[in-house]
Amino acid sequence: MPNQPDLQLWLILFFPLLGALINGTIGRRLSKGLISTIAIGSVALSFLWVARALSELGQLETPHIERYFTWISSGDLKIGFDLSIDRLSSIMLLVVTGVGTLIHVYAVGYMDHEEGFWRFFSYLNLFMFFMLILVLAQNFLLLFVGWEGVGLCSYLLIGFYFLEKYAGDAAKKAFIVNRVGDFGFSLAVLLMVVHFGSLDMTQVFAAAKKMPLEESGGVLTAIALLLVVGACGKSAQVPLYVWLPDAMAGPTPVSALIHAATMVTAGVYVVARSSEVFLKAPVAMDVVAVIGLVTAVVAALIGTAQNDIKKVFAYSTVSQLGFMFLGLGVGAFSAGIFHVVTHAFFKALLFLGAGSVIHALHGEQDLSNMGGLRSKIPITYWTLMIGAVAIAGVWPFAGFHSKDAILLAAHAHSPWMYWVGVVTAGLTAFYVFRAIFLCFFGTYRGKAHPHESPAIMYMPLVILALLSVAGGYLPVMEWLAPLYPAHEQPHDMTLILISVAFAFAGIFMAYYVYILNPGSADGYAKSLGGVYRAIAGKFFVDEAYDAAIVHPLEQGSRTVLMNGFEEVIVEGGVNATVAVTRWGGGFLRLLQAGNIRSYAVYILLGAVIFLGVMATNGGAR
Amino acid sequence: MPQLNAVPMSWYLILSAILFSLGVAGFLFRRNIITVFMSIELMLNAVNLSFVAFSQHLRQVDGQIFTFFVMVVAAAEAAVGLAIILTVFKNRQTLSIDEVSSLKN
Amino acid sequence: MDLILFIIFATIAVACGISLVVQKHPIGSALSLIGVMGSLAVLYLLLGAEFIAAVQLIVYAGAIMVLFVFVIMLLNAGEETIKGRSWPSRLLGIPLLTVFLGLLAYLLQRMGPSMGTVTFGAFNVGAKEIGRSLFNHYLLPFEVTSVLVLIAILGAIVLARKEIDKCLN
């Protein structure tokens with residue numbers, strides 16, 4: 001039953017959509033200032049409307065649902081356009097609109113010299129629209145609309161520089177890999193329809209909660225696992241993470257917004273939302289945890305050997321998403337969401353900072369051509385440093401609180417998970433600081449003339465830096481506590497100290513290798529030999545996919561479909577039709593003798609036939 | 001001895017059929033355009049006879065109205081057709097329909 | 001009496017018709033056609049169609065055939081020459097014509113007996129009846145036909161104009 005007061009939640013969606021439409025249709029003719037105002041304004045309005053809605057809703061013990069119209073009514077299945085806010089989605093809304101606004105502001109500065117300014121902001125607003133649909137959706141089908149929509153916008157934005165082949169390829173890769181995940185998601189939705197007869201989240205979760213464990217095992221596990229498949233695609237977990245590093249082909253604000261702060265957290269959001277289903281499917285939970293852990297480790301390892309600053313952060317995102325999945329898998333849903341929030345802050349900061357560096361160096365992204373930028377771009381340096389410390393998990397910065405919540409929960413579930421997680425945290429610190437040191441310390445190895453970014457770019461950095469420092473103290477977990485079963489983990493000081501120690505160890509190792517002994521990195525790499533080559537080659541996952549899936553598909557398509565079906569059947573059919581028609585026409589052409597008398601004969605023939613028919617049918621009465 | 005005052009209806013129709021077939025024969029077998037045209041007029045006349053006969057038989061005036069229209073149309077057609085024949089003759093100097101066959105093949 | 005008149009004029013009509021088809025010179029065909037029309041006019045009178053008979057003689061025989069004769073004179077059409085191919089008409093024409101006639105005969109013979117006879121004076125239609133019908137029931141076709149005649153006039157003028165221009169220049 002819809003609640004009062006009616007908060008017009010649809011407006012949250014409407015503002016970005018309006019911005020996208022205006023910029024998309026007439027943006028070409030508008031001035032940059034106007035385009036930026038529309039784009040930033042629409043997202044800011046969304047943010048303000050969210051704030052207003054939340055202030056009016058107060059405590060939100062029960063979800064506030066608004067039903068607008070019936071979208072599908074087929075037999076017993078009724079799906080409406082329903083939006084809802086509850087405690088979980090309120091957090092996501094604030095993050096999406098808030099960080100989104102900051103990134104829009106930054107992008108105005110970053111994209112200033114780019115072609116297609118209006119197109120970029122139209123796509124960016126469209127993305128916000130779909131992401132907000134995803135977050136606000138009250139039923140799974142509407143969520144899927146948003147899910148697919150953000151996939152589309154991701155494709156559009158990754159391939160923004162569509163004149164470059166690698167950008168188009170990266171966009172296609174992202175979309176296709178996501179599709180695999182979407183397939184799993186669709187199957188989950190279908191199972192829900194079959195089993196629960198409805199896609200409305202309140203109904204599904206209530207039904208799931210009531211099911212006893214023995215009976216629920218099969219169906220709910222199936223649904224949960226399929227949702228996980230979808231989440232792996234969207235949130236770049238093993239084995240569907242391969243699109244995220246390539247997605248760095250898009251402009252940096254895109255990487256920050258979509259592939260750090262918002263879209264990739266959609267998978268985490270869905271799993272957290274469906275906690276009722278997952279809690280009844282322990283197998284699925286374990287799968288989630290293991291996938292998360294494996295992803296975290298593998299991505300962290302690959303990240304240590306990357307030379308492109310954006311790729312380092314991309315693998316970092318994959319790794320941190322793995323942490324979130326780990327948190328969800330061990331039952332600490334609120335911890336996972338908490339990490340989503342803090343990650344949004346410091347990862348957006350890191351990406352935007354990287355963008356600032358790239359902007360300063362006029363497009364240089366390779367770490368080996370950077371160095372010593374500390375003095376040249378100080379604001380970028382300090383904000384990035386804060387971001388790095390936050391992600392490394394040093395107290396009292398944001399990352400520490402959320403990561404430790406996850407690690408403690410992991411320990412309570414299975415100690416080995418904690419240990420692997422802690423080592424990964426150390427690796428995280430290592431690769432992040434490696435990037436920082438290579439970029440800002442030492443001597444400058446490049447050829448450009450670095451200059452600080454304009455205020456419109458560094459202001460969001462500063463704000464995000466402040467959030468990365470203080471964000472850990474946001475009462476996210478307390479706010480979410482009523483939604484999830486009380487997860488009182490003992491405040492084990494030993495474990496916390498161990499994790500901080502690993503963080504510092506990571507930082508120190510990076511310091512040792514890159515500052516104290518510059519140039520020694522290559523020596524270490526050689527001594528690790530094959531292991532290093534495997535890491536540097538990203539464990540050859542892309543190559544494996546290429547050989548196992550892409551290449552056979554291409555070959556099969558070429559031989560069977562193109563040479564076989566297309567040429568023989570389709571073209572042959574068309575050609576045969578043409579030949580028959582031509583022959584028939586040639587034959588009929590002979591009738592056109594041009595001779596009047598033969599025409600007369602034909603008319604007479606017609607008359608005779610007519611009379612004959614009349615005679616045989618009884619004639620005239 | 002058949003009544004001398006009554007003509008069987010079918011006789012009129014047979015006459016009409018004979019005249020019509022004569023017209024068709026003329027149309028098929030003559031080479032001169034004008035003769036062909038006149039054969040067409042003969043056909044029209046035959047049909048007129050048929051119409052009037054039925055009008056009498058069914059005691060309705062509509063048949064004769066139709067005859068009236070046929071005659072008007074025949075007049076119009078004759079005018080235009082002869083004008084065309086004149087033009088064709090001017091261009092090709094021949095009145096044989098076998099020779100105006102540029103639509104051939 | 002009717003019967004005899006019918007037989008006489010029917011014979012004349014058929015004879016003229018055959019003559020039309022057989023004559024070598026177009027003017028002969030034209031005169032035969034006039035003969036056909038005349039006999040048909042008498043037959044119309046026998047059928048009680050006074051107005052139509054008069055119109056037949058005045059318009060058809062008197063105007064249209066005169067037009068034909070004029071054109072034949074103008075073109076100085078001579079006797080028909082033998083040359084020219086005509087494969088379909090020779091080959092198919094005769095059999096088709098026979099079949100056609102045969103079918104007609106069959107059909108007529110089937111429905112012949114049921115039709116009864118026609119007596120002179122049984123149903124006379126004069127100008128009054130035709131006029132009444134024409135201007136009440138068939139008003140639209142009447143008006144349309146007048147437009148048709150107008151178009152025919154225009155067409156004939158356009159087609160013949162070039163000759164007039166050439167003559168004048």
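Which residues in α1(A) are buried? Figure 1 gives the answer, but first some ground rules. This is a predicted model, where local features need pLDDT of at least 70, side-chain atom pairs count only at pLDDT 80 or more, and totals for chains, interfaces and linings use all residues. Residues are numbered from 1 along each chain as its sequence is written, while chains are lettered from A and ligands numbered from 1 in the order in which they are written.

**Figure 1. Helix α1 of chain A and its cover.** Helices (H or I, at least four residues) and strands (E, at least two) are DSSP runs, numbered from the N terminus. Helix α1(A) covers residues 10-26, and its 17 residues reach 24 Å from first C-alpha to last, close to the 24 Å expected at 1.5 Å a residue. (The expected span is 1.5 Å times one less than the number of residues.) Here is the list you were asked for: A:Ile12, A:Leu13, A:Phe15, A:Pro16, A:Gly19, A:Ala20, A:Ile22 and A:Asn23 are buried. Buried means that 20 or more other C-beta atoms lie within 10 Å of a residue's own; exposed means 12 or fewer, partly exposed is in between, and the C-beta atoms are placed from the backbone. An α-helix has 3.6 residues a turn, so residues three or four places apart point the same way. The cover over the buried residues of α1(A) includes α2 (32-57) and α4 (117-136) of chain A.

Figure 2. Chain A has 24 helices and two strands. Strands β1 (residues 64-74) and β2 (residues 77-85) of chain A pair in the antiparallel sense over eight bridges; to count as paired, two strands need at least two bridges found by DSSP. Look for A:Arg67, whose bridge partner in β2(A) is A:Asp82. Two residues sit between the strands of this hairpin, and A:Gly75 in the turn has a positive phi of about 65 degrees.

**Figure 3. Helix α16 of chain A, mostly covered.** Helix α16(A) runs over residues 378-392, and its end C-alpha atoms are 21 Å apart, which agrees with the 21 Å that 15 residues should span at 1.5 Å a residue. Of those 15 residues, 11 are buried, including A:Thr380, A:Tyr381, A:Leu384 and A:Ile391. Helices α15 (333-360), α17 (398-413), α18 (415-440), α19 (455-470) and α21 (493-516) of chain A are among what covers them. Just after α16(A) comes A:Gly393, with a positive phi of about 90 degrees.

**Figure 4. A:Met477 and its contacts.** You'll find A:Met477 in helix α20 (residues 476-480) of chain A. A:Met477 counts as partly exposed because it has 19 C-beta neighbours inside 10 Å. Leaving out residues up to four places away in sequence, A:Met477 touches A:Ser334, A:Ala335, A:Phe338 and A:Ala405; two residues are in contact if their C-beta atoms, placed from the backbone, lie within 7 Å. The C-alpha atoms of A:Met477 and A:Ala332 are 9.8 Å apart, though 145 residues separate the two along the chain.

**Figure 5. Two nonpolar cores.** A nonpolar core is a set of buried Ala, Val, Leu, Ile, Met, Phe, Trp, Tyr and Cys residues joined through C-beta atoms within 7 Å. In the largest one, with 207 residues, A:Phe127 and A:Ala348 touch the most other members. Setting aside neighbours within four places in sequence, A:Phe127 is in contact with A:Val150, A:Cys153, A:Leu157 and A:Ile258. Another core, of 74 residues, lies apart from it, and its members include A:Val601, B:Val52, C:Ile34 and C:Val125.

**Figure 6. Where chain C meets chain B.** Here 71 residues of chain C are in contact with 63 residues of chain B. By class, the side of chain C that touches chain B has 52 nonpolar, 14 polar and five charged residues. (Ala, Val, Leu, Ile, Met, Phe, Trp, Tyr, Cys and Pro count as nonpolar, Asp, Glu, Lys and Arg as charged, and the others, Gly among them, as polar.) Strand β1 (residues 6-8) of chain B pairs with β1(C) in the antiparallel sense over three bridges, and B:Ala6 has C:Thr119 as its bridge partner. On confidence, the predictor gives the complex an ipTM of 0.86 and a pTM of 0.67.
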